[in-house]
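This report describes selected strands and residues of the structure shown below.

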Amino acid sequence: MSTLLEVKNLKKYFPIKKGVFSKTIGHIKAVDGVSFSIKKGETLGLAGESGCGKTTTGRLILRLMDKTEGQVYFEEKDIFKLDCKSLRNLRKKMQIIFQDPYGSLNPRLTVGSMLEEILKVHKLCKKNLLKDRIVEILENVGLFPDHIKRYPHEFSGGQRQRIGIARALAVNPKFIVCDEPVSALDVSIQAQIINLLKHLQKKLHLTYLFIAHDIPVVKHISNNIAVMYLGKLVEIADSKTLCDNPVHPYTKLLLSCIPTPDPTIKRKKINLEGDVPSPSNPPSGCYFHPRCSFKKAECSEFSPELAEITPGHFVSCHLK
């Protein structure tokens, strides 16, 4: 299976300005040297605490913001070197599903009008076939033809997210960034949306970057999982390996916090030291070492490289 997306040493630093003349006095390292790849038809789950840089990574990949450094290759083309016309064509191949379904929808447009506008702008459908195509898109996400004339406020949260998915599917994309698409939904509705995404992936041969902080949700949909901490990737492996045999202390911490439905099973919870460091002034060496109970002297002096410890399992830790 060939690689659809490849990210190399991607960085995004936001300047910190101060004073009358807005002098740059430092940078917030939101994304700090991230590298990974996704094969066609697969899903990479990107997990981590809020503020670790997951969403920024997704937006950089879609070129919704400019990079500081690094490359993003989509179908072997560096997206940051594309001109306006090429970038417009790329928009049809790469889409995003937002976290807040209501905030991402135009309250003044009906569902039919939203989808019609997309199809017209990208010239994807003849005028006399517009309604049939819109109905087909809605049915693909579990909505009905009579929903065409309704406005966003007339739908439930789960239905609004289905509309968001329909909007992304309207241009027949190959790759979709799912930016915490279920975190704002009830648990039962989360399962429905996850199953819908899996069904659509199989039916339409889609590739996903699935961003979430909930590892059980990520595991359910992802082929591989990458764990992110303070702008850096600390561990990457296939879903089963990462959840059954985590190596990095931060990954172990995230998994230890997952509640188990069986009260007879007691999971040892890992306690953290200190607070999350500021991305504007990260610690020396391993970014996680101030909070790690397994740290050694070298952890505070040298930053570990993301190295392969077993086939397909990469870890950034001196303890590996």
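Which residue in E5 is the bridge partner of Tyr 73? In this predicted model, the partner of Tyr 73 is Asp 78.

## The open four-stranded sheet

The pairing of Tyr 73 with Asp 78 belongs to the contact between strand E4, residues 69–74, and E5, which are antiparallel and joined by two bridges. Both strands are part of an open sheet of four strands, ordered E2-E1-E4-E5 and paired in antiparallel fashion. The edges of this sheet are formed by strand E2 (23–39) and strand E5 (77–78); each has a single partner strand, so one side of each lacks a neighbour in the sheet.

Ala 30 lies in strand E2. Is Ala 30 buried or exposed? Its relative accessibility is 14%, and because buried means under 20%, Ala 30 counts as buried.

Leaving aside residues up to four places away in sequence, Ala 30 is in contact with Lys 12, Phe 14, Cys 52, Gly 53, Thr 56 and Gly 231.

## The enclosed strand E3

Strand E3 comprises residues 43–47, and five of its five residues are buried, so the strand is largely enclosed by the rest of the structure. In a regular strand, side chains alternate between the two faces of the sheet. In E3, Thr 43, Gly 45 and Ala 47 point one way, while Leu 44 and Leu 46 point the other way, and all are buried.

Which strands does E3 pair with? Five bridges link E3 to strand E8 (residues 207–212), with the two strands running parallel. A parallel arrangement also holds for E3 and strand E9 (residues 224–229), which are joined by four bridges. Within these pairings, Thr 43 has Tyr 208 in E8 as its bridge partner, and Leu 44 has Asn 224 in E9.

## His 147 in a loop between helices

His 147 is located in the loop between helix H4 (130–140) and helix H5 (157–169).

With residues up to four places away in sequence excluded, the contacts of His 147 are Val 111, Phe 155 and Gln 159.

Note on methods: Residues numbered from 1 in each chain as written. Predicted model: local features only at pLDDT ≥ 70, side-chain atom pairs only at ≥ 80, totals over all residues. Heavy atoms only, no water. Contact = heavy atoms within 4.5 Å. Pairing = 2+ DSSP bridges. Buried < 20%, exposed > 50% of the residue type's maximum accessible area, 1.4 Å probe, protein only.
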